Structures are given as structure tokens and as C-alpha cells.
Amino acid sequence: MSIFITNGILHVADAQNKLRAKGQEQPAFIDDYTLLDIETTGLNPYRDHVTELGAIKVRNNKVVNQFSQLVVYPRSNHVPTFITNLNGITEELLCSKGIPVKTAMAEFRQFIGEDIIVGYNVNFDLNFLYDLTQKFNLPRLSNDYVDVLRLARVYYPFKRNRLLDCMQRAGIAEVEEHHGLADSLATKKVYDDFRMHFTDQLLMKAQAKLKNIDLLGPKLAPADLGIHPPINNKKIVFSDEISMSKSEAIQMVNNLGGQGQIAVQADTNYVVLADKGFFSKNNFLWQQAQKYNRAGAKIKRLSESYFLNMIDEWARS
């Protein structure tokens, strides 16, 4: 096997350095950890940015320290209106109360230390934070983690499982504040509620949900793809310059419900290009895609790193 998932982590021969080297998920109930929650301007760590960092440090299942900090950037601090409506954070607030993101992130990374991280849908937070630690040459955020959302999906199967839903079902609160520290404290209450009510069988079921798949093996059944498979029904072309095996990449796409194409066509969805030279105007595949786009096609270009991290997110879900 050269492209496979083990315990929710994607492994790709010759291209592992393209992936965020995040830690291993551990569905478990632990007593010593750092629980974190961040606020951002959107969902995409490549495009959006962090506005608030929040966390609590827990020892023997008791909160012993807290972290809460707004952050400001040297260039744009624009906050979309819908985000302000959600959490009340404005550009003016960031500029008046925030500290430089480099300083804030260094303090936050030190606060986390080597702890196991706990959070709700925590991979979302980890993606932003991992990229910031890399940007500012801080210790890599490869801590193992507990995702409370996975526990919620087992405890409340076939239901909507936002943090707010779990808070309301457990009688913790009727509203979610959408602030890092407040939501960290609320998530701990949800985690503690599960701790009280989980059986060994439920915990084993949560642990069994971690994916273990040979992505070059048989085509996955629709049920195995989950709710939001990233490349299902997508037609994808790979550049010859990518680091991973092009033939294996095509096979992986086919096994994940997509269609690997040999050449760009009008119905192509994604063109995956090597990281080096991604923005080059002389890239032949992208030039071909642009011709189709000018005629009405909607082909997007993805870097190899972006594409593989997209698959890794699905692997960890």
C-alpha cells in the first residue's frame, strides 16, 4: 500500500510532506488536557484568518488556567458582516483590543504545550493553528487530540450535532456565545456530560469510527464515503509534475467516487498542479483549463498540498 488511511490519518508515498503533520485522534475521556476553540473570518485556513484564540487548561478534570485573546494582523483585519452578526467581533474591536497575531500565537502555543488537545470539531481549529505555527516557526502543533464531535455522533446518532445541539440536550445552555473562551468552557461541560453517560460499548464504537482504508484497494461503497465526500462525482486531472504517483492518484480518485481523467475536458472539475510553479502562467494544463473556462466551464485549479489535505480532512472525519 502506498496511499492509505490508518486510524484516520492519510499516508501518501512520496508526498507525505504535503500534509499537515497533525497528531492522532484519541476518542477517550482524559483528565489532563488543553481544550481550545478559535473564532475565524471563514472556513478556509488558506484564505481566512483567526480573530480570537480561546482555551482552558484542565488538570484532574478541573480548570486550572484560561487563555483568551483577540488578534490583529499587519494588513487587513476585515471581518465579514455575517461573522460579526454571529459573534460580535468587528474590525474596530480587533484593532483596539487585539495583539499582533505572531505574539498571540506564540503565547497560545506555549499555553498548549505538549498537552493532548480537546475540542469540538477540533480539526477545524487545528488546521488554522497548525498553519500559524508553521508560518511563525513555532513548535509544530502535532499534539494528539480528542474530538468531542465524534463522541456526539455516537451518543446522538442520526441527529444534528452542533455544539449548540449538545448543549441544549444536556441542559447546559440555550445559546452558544461564539467566543473562544466561552465556547471552550461550554465544550468541557458537554465533554463531562458524555463522560458521565458513555458506556464502554459506546466508546468502543467511537474508536471504531476512525478510518482504516487502503485507498488503492476496492472502490468504496457510498455508505463508506460518508455525508460529504470531498471528490465524489468530481472529474480530476493531475499534472505530471506532482510528487505522488499520478497513476495511483487517479486510482485513489476513482475509489473515492470520483473520476480521474487523462486530459482536461469541458466537464473537468479540478486540475491538480504541483506546488512548485502553481501560479505560473505557463502551466500547460491550466492554460487548457482556462480555454474551457472562457467557453463557460467551471474548472478550478488545486495545488497538490491543498488536494491532499482535503483528502486528509475526510480521512479524519
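Helices here are DSSP runs of H or I with at least four residues, strands are runs of E with at least two, and both are numbered from the N terminus. The model is a predicted one, in which local features need pLDDT of at least 70 and side-chain atom pairs count only at pLDDT 80 or more, while totals for chains, interfaces and linings use all residues. Residues are numbered from 1 along each chain as its sequence is written, and side-chain values use heavy atoms, with hydrogens and water left out.

Is Ala315 buried or exposed? Its relative accessibility is 1%, so Ala315 counts as buried. The term buried means under 20% relative accessible area, exposed means over 50%, and partly exposed lies in between, with a 1.4 Å probe and protein chains only. Leaving aside residues up to four places away in sequence, Ala315 touches Ile5, Gly8, Leu10 and Lys211; contact means heavy atoms within 4.5 Å. Leu210 is 105 residues from Ala315 in sequence, yet the C-alpha atoms of the two are 8.2 Å apart in space.

I turn now to the chain as a whole. The protein chain has 12 helices and 13 strands. Its radius of gyration is 21 Å, close to the 20 Å from the globule rule for 317 residues, so the chain is as compact as a globular protein of that length. That radius is taken over C-alpha atoms, and the rule is 2.2 Å times the number of residues to the power 0.38. Along the principal axes, the C-alpha atoms fill a box of roughly 55 × 50 × 35 Å. Of the 317 residues, 52% count as buried. The accessible surface comes to about 15600 Å², and 51% of it belongs to carbon and sulfur atoms; these areas come from the Shrake-Rupley method with a 1.4 Å probe, and for residues only the protein chains shown count as cover. Among contacts between residues at least 6 apart in sequence, 74% join residues at least 24 apart.

How is the chain divided into domains? The assignment gives domain 1, residues 26–208, and domain 2, residues 214–316; such bounds come from an automatic or database domain assignment. The C-alpha centres of domain 1 and domain 2 lie 30 Å apart. Their contact takes 6 residues from domain 1 and 5 residues from domain 2.

An open sheet of 6 strands has the order 6-5-4-3-7-8, with mixed pairing. Two strands pair if DSSP finds at least two bridges between them. The edges are strand 6 and strand 8, residues 145–147, each pairing on one side only. Helix 3, residues 101–112, packs on this sheet and touches strand 3, strand 4, strand 5, strand 6 and strand 7, its direction making about 165° with that of strand 5. Such axes are lines fitted to C-alpha atoms, for helices over the stretch in contact, and angles run from 0 to 180 degrees between N-to-C directions. Helix 5, residues 148–155, lies across strand 7 and strand 8 at about 35° to strand 8.

Within this sheet, strand 4, residues 50–59, and strand 5, residues 62–72, run antiparallel and are joined by 8 bridges. The two strands form a hairpin with 2 residues between them, and Asn60 in the turn has a positive phi of about 55°. Ile56 stands opposite Gln66 in strand 5. Strand 5 is also joined by 2 bridges to strand 6, residues 99–100, and this pair runs parallel; here Val72 stands opposite Pro100.

Ser184 is found in helix 7, residues 180–197, and is buried, with a relative accessible area of 0%.

A further open sheet has 4 strands in the order 11-10-12-13, with parallel pairing. Strand 11, residues 259–261, and strand 13, residues 300–303, stand at the edges with a single partner strand each, so one side of each is left without a neighbour in the sheet. Neighbouring strands are turned by 30° against each other on average, direction ignored. Strand 10, residues 235–238, is joined to strand 11 by 3 bridges, with Ile236 opposite Gly260. Helix 10, residues 246–255, packs on the sheet and touches strand 10 and strand 11, at about 150° to strand 11. Finally, helix 11, residues 284–294, lies across strand 10, strand 12 and strand 13, running at about 160° to strand 12.
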